[in-house]
Amino acid sequence: MNGLALDIAHLLAGSMVLVSFLLLYQDRMFALLNIFALQAIVLSASIAWQAYIQDAPHLYVPALIALLLKGIVIPLALRRVVIKLGIHREIETVVGIGPTMLLGIGLVALSMVIMLKATSTADPLAREDLAFALSVLLLGLLMMVTRRNAVSQIIGFMSLENGLILAATGAKGMPLVVEISIAFSVLVAFIVIGIFLFRIRERFDTVELEALDASRGERP
Amino acid sequence: MTSLAIALASIAGLFATSILAVALSKLPSRNRVVYSAAALACIALLAVGLLRLGAANGEADAVMTLPIGLPWLGIHLRMDALSAFFLAVINLGGFGASIYGIGYGEHEESPGRVLPFFPAFLAGMNLVLLADDAFSFLVSWEFMSLASWAMVMAHHQEAETRRAGYVYLLMAGFGSLALLLTFGLLAGPTGHYAFITMRAGEHDTISAGLILILALIGAGSKAGLVPLHAWLPLAHPAAPSHVSALMSGVMTKVAVYGFIRIVFDLLGTPPWWASLLVLIVGSVTAVLGVLQALMERDLKRLLAYSTIENIGVIFIGLGLALAFQENAMPAAAALALTAALFHALNHSLFKSLLFFGSGAVLTATHERDLDRLGGLIHRMPVTAFLFLAGSMAISALPPLNGFVSEWLTFQAVLLSPNIPQWSLKVLVPAVGGVLALAAALAAACFVRAYGIVFLGRPRSAAAAKAVEVDRYSLAAMVMPALLCLLAGLFPGPIIDAIGPTVRSIIGAQMPVQSALPWYTIIPIAESRSSYNGLLVFLFITISTLIAVEVLHRFASRAVRRAPAWDCGYPDPSPLTQYSAASASQPIRRVFAGSLLHARETVEMPPPGSSEPARFRLALKDVIWETIYAPIPRVIAASALRLDRFQFLTIRQYLSLVFAALVILLLGLAIWP
């Protein structure tokens, strides 16, 4: 395996992290969807590259799934949802953008430290990949924590899951079944969450999560 | 091999009896069938134990592996000298309790709650002794606890019993957890659960210390060491009396066995402070146990507290053995361990006897409260005589057996100047003083118990109408009483029988005593000390006979009838006698003021009122208040605080998960 192949794999995985930061920064709904689509496309490219350098043709299947499902179907569907719900206005973030970005940088540093330490004996390709994947995962979780809107929480969840897939494909010899099942479980989660979104909207006239708290009786 | 097979067959028989007890629930003579079968199995197991002890030297340990239990482990069984000794002790007590049960069980209102568990309990205790791997040890230990718990709960209609059962279950679970951790540490990270591999393991000082502490907690909570004794005075008396006898006299010995097995056998070299810890815990247990027994009004609870004291005495013996062993003084260590084992045997005998006696009193009067008993010596003369024998034995009066083992313990204490460490040099004589105090208080305690229950005039109508109990119960009481006397008169053969057990643990044993003339025992050297129970007995008997004869011959031959001296109280009410509280008042004022928070108050009526003044006595269990009572408070307070986490918003929950993940990752990053 030559150096160039490694470098390209790193470039793609690193781009995933970069796109995660874009997601974290973005506070407009449609732009958020577009960036999520971009992340899915980068993910797909990364998986495809892994398939190429690991000489594992079965990995092209998850790459295709990621491209079609997450790059096209889910963003389009979410766009329809957003239009239907009429929430294409600005997103309020709980913590300011600046502190969130700083926190994100800290998380990336943390995952680098941990992964480089924990996998000192592993294959160098997998090592870097795992560190990037963990960063993407943590950034997705951070996004879920800092956003109020249910749609952007879905985006956060999907981006977290992208990190999982990145980790799974980066490691050699992971069975295809695992990747595919992750991809489909996310699709199912998307459908379920989508239905719930409409149900919530029907009942509370909003998809802000605070409304749910009020209905549980904690706030007057 | 064959002896182990017989033992296993007997244990299987006990289990079968358990099932039989359920199957025969319609049979009117079920009680007799079940207890007789249990007694037979006990006899067989007793014989196995005694034979192994008799043929001990040179015989290889019987080993067996059964292919049941965990798939790759099976059940390892082994009978060495230590298990054989305890097998004998336990089945002797089990046999007595079974015979007693034949008579006593007839009075049981709901025999279905006791009968199936009684043989199972015996089987569990025997299996603990034979277990040779941690898994089967723990399973049998837990089985023993649960079977006894079921019998404690036999009279579950009473709220007090339910509370006792609850506390017992908690403490048993806690003790088993400690034992589980002990075995985990003994096995080490790569170890195997079989005892034979544990014995070979090496332990550094920290893990050896942890093993010692955990074993002391695990076995000590079952034995009743202070401060883990809280359940014992609740649970032991709550069970039917023959079960109380088993729990107090026998199950605590299983706990002692567990401690000896882990600390002396499996651990190898305990840390240097092991003896200090065991000695201190043992002496505190002895004094606190007997002091609370002295304050107690309930006869069975009094006996349970006295069990705690005797466990303290046994652990003092074990602590001395540890101290001598660590300083390479095998002869002294053998003496101390012999004393501890002898006392374990003695305690199982006289505590069974006393619980049988209290059961007889309970059957005859339905009373356990000392202040509602009295004068039973006239209505239950045989029980009274046997209870007296038990009281004398437990008070360590020569020529009975209690004296011998306590005397041996004192002989071991007196060897302490030879120990090089200053800590032990200072501590051991203090322990000796505490032991003497405990022995004296125990004597006072049983003078009070016997005097109030059997002497004087009856304090209630029930006590006045008591009748003697059935002959099975009496026979069951005669046996331990006789054995108490025999063990006191002929301690030499018993010490020799314990010898191989001690040799297998310490590597040395006490000098052979049987060869000495007149059944004298000489623990160390004749110039130092010797004791002869038989001569003491003969002296007491002959001098008493002579005194009686002389008095009758020279003082007055005629029988005169005259009004008894009324001590200045012309009122014939039984209330003018000593009560349970007043009999212990002097000792309470001296010792219990700070230890048990005894407070006496006299409430005077207002001037002009004709009401009587009232005397109130308040006692506080300091250990319960400082250690146990705060636990539920802390749990409730923290639960209240944690309750807030139940009403978070979805985002806050997510943040919690996120924060937990990040903190764990940070920990991982910082971890060296």
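Q: Is B:Q292 buried or exposed?

A: The general idea is to compare accessible areas: a residue is called buried under 20% relative accessible area, exposed over 50%, and partly exposed in between, with a 1.4 Å probe and protein chains only. In this predicted model, B:Q292 has a relative accessible area of 9%, so B:Q292 is buried.

Q: What should I keep in mind about the numbering and the values?

A: Residues are numbered from 1 along each chain as its sequence is written, while chains are lettered from A and ligands numbered from 1 in the order in which they are written. Because this is a predicted model, local features need pLDDT of at least 70 and side-chain atom pairs count only at pLDDT 80 or more, whereas totals for chains, interfaces and linings use all residues, and side-chain values use heavy atoms, with hydrogens and water left out.

Q: Which residues does B:Q292 touch?

A: A contact means heavy atoms within 4.5 Å. Leaving aside residues up to four places away in sequence, B:Q292 touches B:H229, B:Y305, B:L596 and B:D621.

Q: In which helix is the place of B:Q292?

A: Helices (H or I, at least four residues) and strands (E, at least two) are DSSP runs, numbered from the N terminus. B:Q292 belongs to helix α11 of chain B, which covers residues 274–295.

Q: How many helices and strands are there in chain B, and how many in chain A?

A: Chain B has 26 helices and four strands. Chain A, by contrast, has eight helices and zero strands.

Q: How do I read contacts by their separation along the sequence?

A: One takes the contacts between residues at least 6 apart in sequence and asks what share joins residues at least 24 apart, which is 78% in chain B. In chain A, residues 24 or more positions apart account for 74% of the contacts with a separation of 6 or more.
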